[in-house]
Amino acid sequence: MLLRRKTLALASAFACMLVGAGVSLTQVASAAGTLTGNAQTVSGTGAPISSGMQTSTFQVLTKPAGGKCSGTSASNGVFVDSFITPNSVDVTTLQFTPNGPQDPANPSGPTFPLIDTTGSPWYGANTQADGSVTVSPPLNFAVFDPTTLPTGDYKYGMACVDSNGPHEMFVGAIHINADLSWSLNPDPVIPEFPYAIVLPLTATAIIAGAGLFEWRRRRNSHATVAA
Amino acid sequence: MITSRLTRWTRTAAVFAAASAFAASAAMVAANTASADPHNAGATKVGVGSDTIQDVMNAMAGERDCPQPNNDTTRFYGAISSAAFGGAIGSFDAVPCGSPATQASCIRTVAGGPVFDRPNGSSQGINALNAAIAGTGYQNPSVRCTAAAVVIGINNLHFARSSRGPNDTTTSTLSWVPFARDGVTFVYVTNGPTQAEMQGLTTANLTSLYTNQTLPNFGAGNGTVYPCLPQPGSGTRSFYETAIGVADGTAALGPTAIGCNNLEEHDGNAFDSFATTFLSTHPNSAVVQAFSAAQYIAQSTGAAQDRSNNFRADGNGGIGNPPQIAGGPIVAGAPNATYYNDGTWGRFVYNVFQSTRIGTGLTQDRQLKAIFNINNGAGAAGDANGLCGAAAGTTIGKFGFLTIGATCGTITATGKS
């Protein structure tokens, strides 16, 4: 009975180790962000809006609402940085510097934080206590001009960033017109987490681990009887 | 059975005690976090740092200073803001109101942000701002309530109060923006040299004093003068040492030898208490300490928290005049402009910002620039509600500083720290 308990405990520990390894791998890979969800634009009343003028006020939040960072500002040094960058840029490669987001392949390109109606960048915002991404302050494109933000398709959104770089990213797509009016494009496709692969692999590893320990237990038991 | 019950009881008691201790420490942190800090829930730009200008910046935040007796509500000031972009500032004291500098204190500057050690003084404020910009952890080097360095976050700290210019100009990460002028001098307590002799102590005398740890054979009675210094990291300490031309390591030797190398700056009572004790065993002696003239005025008039009432009442103390300018730093309770504008003993006082936040690029913070009237061509340089506006100028005067006209809001220096 005692041995069986030990076997179970070891199997559990092994499973925990696997999960832990998964977490560690996620953190190591975090130099690049991970597309976690979409972003959406809403009015001050929370109603979705899909277009506006340069000075039209809108707010941004995750889609669906309630998207979370893997840590919090209060405890883990995780903050929310916004961005808008040309559609051709792979947002997971964006760097979030103290001076704003930057496309490393084109540092002087039109990659900026979103700017609120007081003219302050929405950058370095605190998460909520549970890590949820806070809804943006009222934003608009008043401070931009066609030379800084040329007409074209862009991605916009926010990233959960800590000292290692971006982690979760929430992305929407937007078209900017020459007069800085805008309209949303279809949401970028977010790759699903490959549960179909990872879950069976994890289960197999746990079962194999348990089997290994059980096999060792029986071998030790036979050896004891033989002696 | 009895043993078993006792063991269980002991465990229960231990758990209860641990829980109580945790609750008590949590309550202590909450209490320390709450004292003498911004009450303005609308504060959008927050700062920390210098002791010298904490009171005048409290006023700019619309706060009265450290709580006045009898719930006095007459010392509230108009908060600076921006007519164009709104917003207001929150400014956290260098030391919590009514507490000694040795008491650990934590602050949370923005809702949802981290709790971190309160920076005490210009250098610590600047260090905290640099850490916030870099995304690295900050921890007070001497008095702390955190177990480890805490990442503050770039949007949880927007400016550092500073009573000195940059010490390290190897990068231009930070920009120094002056808003007023102050005079630095020394205060003294004596039981030997006369008041007139102490007020005749010159810059050269101070250089000798802080270089050689004492100034012997001073005055007609051949007394001895001993030096003190404000806490390391103080902008006033840094400025004072520059004025007398003595490096910090050398200047600290004398104060360290007699135990006054870290007296909280502008705490005249702490200095008086030390001097009284020290002089009780050192006849025919005097002790001097660096001091801001503006702080001296503001504490005397009650505009700022009065931390020097015992010193002023001592009868054996006074305020010095190292450059020997007619009238000294304070004339009839007001700043002496000649002294404040002296090239050695007068100084600008600053707020320090991340350079790119007050630059002209798209990542500039227009509200921040407007509130502080940072006039580099963009934003609302002429915002009358800002720090360089007329109303703020009146408040600056009440706190013993001189206004500086068009220099207010101009980036006069950049640096790393």
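Me: Between which two strands of chain B is the loop with Gln324(B) found?
Reply: This is a predicted model, in which local features need pLDDT of at least 70, side-chain atom pairs count only at pLDDT 80 or more, and totals for chains, interfaces and linings use all residues. Residues are numbered from 1 along each chain as its sequence is written, chains are lettered from A and ligands numbered from 1 in the order in which they are written, and side-chain values use heavy atoms, without hydrogens and water. Strands are DSSP runs of E with at least two residues, and helices are runs of H or I with at least four, numbered from the N terminus. On that basis, the loop holding Gln324(B) lies between strand 12 (317-319) and strand 13 (330-331).

Me: Is Gln324(B) buried, partly exposed or exposed?
Reply: Buried means under 20% relative accessible area, exposed means over 50%, and partly exposed lies in between (1.4 Å probe, protein chains only). The relative accessibility of Gln324(B) is 40%, so this residue counts as partly exposed.

Me: What is the phi of Ala332(B), and how does this residue count by accessibility?
Reply: Ala332(B) sits in the loop between strand 13 and strand 14 (334-335) of chain B. Its phi is positive, at about 55 degrees, although Ala332(B) is not a glycine. Because its relative accessibility is 82%, Ala332(B) counts as exposed.

Me: Why does Ile174(A) count as buried?
Reply: Ile174(A) is part of strand 9 (residues 165-176) of chain A. Contact means heavy atoms within 4.5 Å. Beyond its neighbours within four places in sequence, Ile174(A) has contacts that include Phe141(A), Tyr154(A) and Trp182(A). Ile174(A) counts as buried because its relative accessibility is 2%.

Me: What separates the C-alpha atoms of Ile174(A) and Tyr154(A)?
Reply: Tyr154(A) is among the residues in contact with Ile174(A). The two are 20 residues apart along the chain, and their C-alpha atoms are separated by 5.3 Å.

Me: What share of the accessible surface of chain A belongs to carbon and sulfur atoms?
Reply: Chain A has 227 residues, and buried residues make up 43% of them. Accessible areas come from the Shrake-Rupley method with a 1.4 Å probe, and for residues only the protein chains shown count as cover. The accessible surface of chain A is about 11,600 Å², and the carbon and sulfur share is 62%.
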